[in-house]
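Visitor: Could you walk me through reading this model, one feature at a time?
Guide: Gladly; have a look at it first.

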Amino acid sequence: MQIIIPYLNFAGKAEQALDFYQQCFDGEVIALMRFSDTQTDMPIPSELLNNIMHCHFKAGELEFMGSDGMPGEQLKSAGNIELNLNFSDLAHQQAVFNKLSENGEIIMGLQDTFWQARFGRVRDQFAINWMLNCPLA
């Protein structure tokens, strides 16, 4: 079995999300396809042709794919899913937590835990839920 690569839908805000995550994680977009780049039988409204049909983001071992979503498709909240980030450096964890929190919502501030780690949870400005964990030892 291979690793799981999350696929995130951004309801028309994928371009902004990719810019945001490049700043948060110091990563890069390694693939990007707009609806205008494809030949499909599916009718795409002209105002959506510049939307992102598919993208692939990578920052170190962090990797995800994403999209603006399919035209006419209503996205549902993924409140039951959180992406867990594991760190080995407390300062790096704090910096990423601060960036993800910008215009987002802190669910649980970073704090020391009974499992000997510093842990926190945040929902970013694109409604993506993140857990950040860093061992204390």
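This is a predicted model: local features need pLDDT of at least 70, side-chain atom pairs count only at pLDDT 80 or more; totals for chains, interfaces and linings use all residues.

Guide: Residues are numbered from 1 along each chain as its sequence is written, and side-chain values use heavy atoms, leaving out hydrogens and water.

Visitor: In what order do the four strands of the open sheet lie?
Guide: Strands of a sheet pair through backbone hydrogen bonds, either parallel or antiparallel. Helices (H or I, at least four residues) and strands (E, at least two) are DSSP runs numbered from the N terminus, and two strands pair if DSSP finds at least two bridges between them. Here the order is 1-4-3-2, with mixed pairing. Strand 1 (7–9) and strand 2 (28–34) are the edge strands, each pairing on one side only.

Visitor: How many bridges join strand 2 to strand 3?
Guide: Six, and strand 2 runs antiparallel to strand 3 (residues 52–59). Ala31, for instance, has His56 in strand 3 as its bridge partner. Helix 1 (residues 14–25) packs on the sheet, touching strand 2, strand 3 and strand 4 (62–67); contact means heavy atoms within 4.5 Å.

Visitor: At what angle do helix 1 and helix 2 pack?
Guide: Two packed helices are described by the angle between their axes and the distance between the axes. Axes are lines fitted to C-alpha atoms, for helices over the stretch in contact, and angles run from 0 to 180 degrees between N-to-C directions. Helix 1 and helix 2 (residues 90–101) pack at about 160°, with axes 9 Å apart. That makes the two helices roughly antiparallel (over 145 degrees; under 35 is roughly parallel, 65 to 115 roughly perpendicular, the rest oblique). Helix 1 contributes Phe20, Tyr21, Gln23, Cys24 and Phe25 to the contact, and helix 2 Val96, Lys99 and Leu100.

Visitor: Which residues of strand 5 form its covered face?
Guide: In a regular strand the side chains alternate between the two faces of the sheet. In strand 5 (residues 83–86), Leu83 and Leu85 make the covered face, Asn84 and Asn86 the uncovered one. Strand 5 pairs with strand 8 (residues 129–135) in the parallel sense over four bridges, and Leu83 has Trp130 as its partner there.

Visitor: Is Ala11 buried or exposed?
Guide: Ala11 is exposed, at 57% relative accessible area (buried is under 20%, exposed over 50%, partly exposed in between, with a 1.4 Å probe and protein chains only). Ala11 has a positive phi of about 45° although it is not a glycine, and sits in the loop between strand 1 and helix 1.
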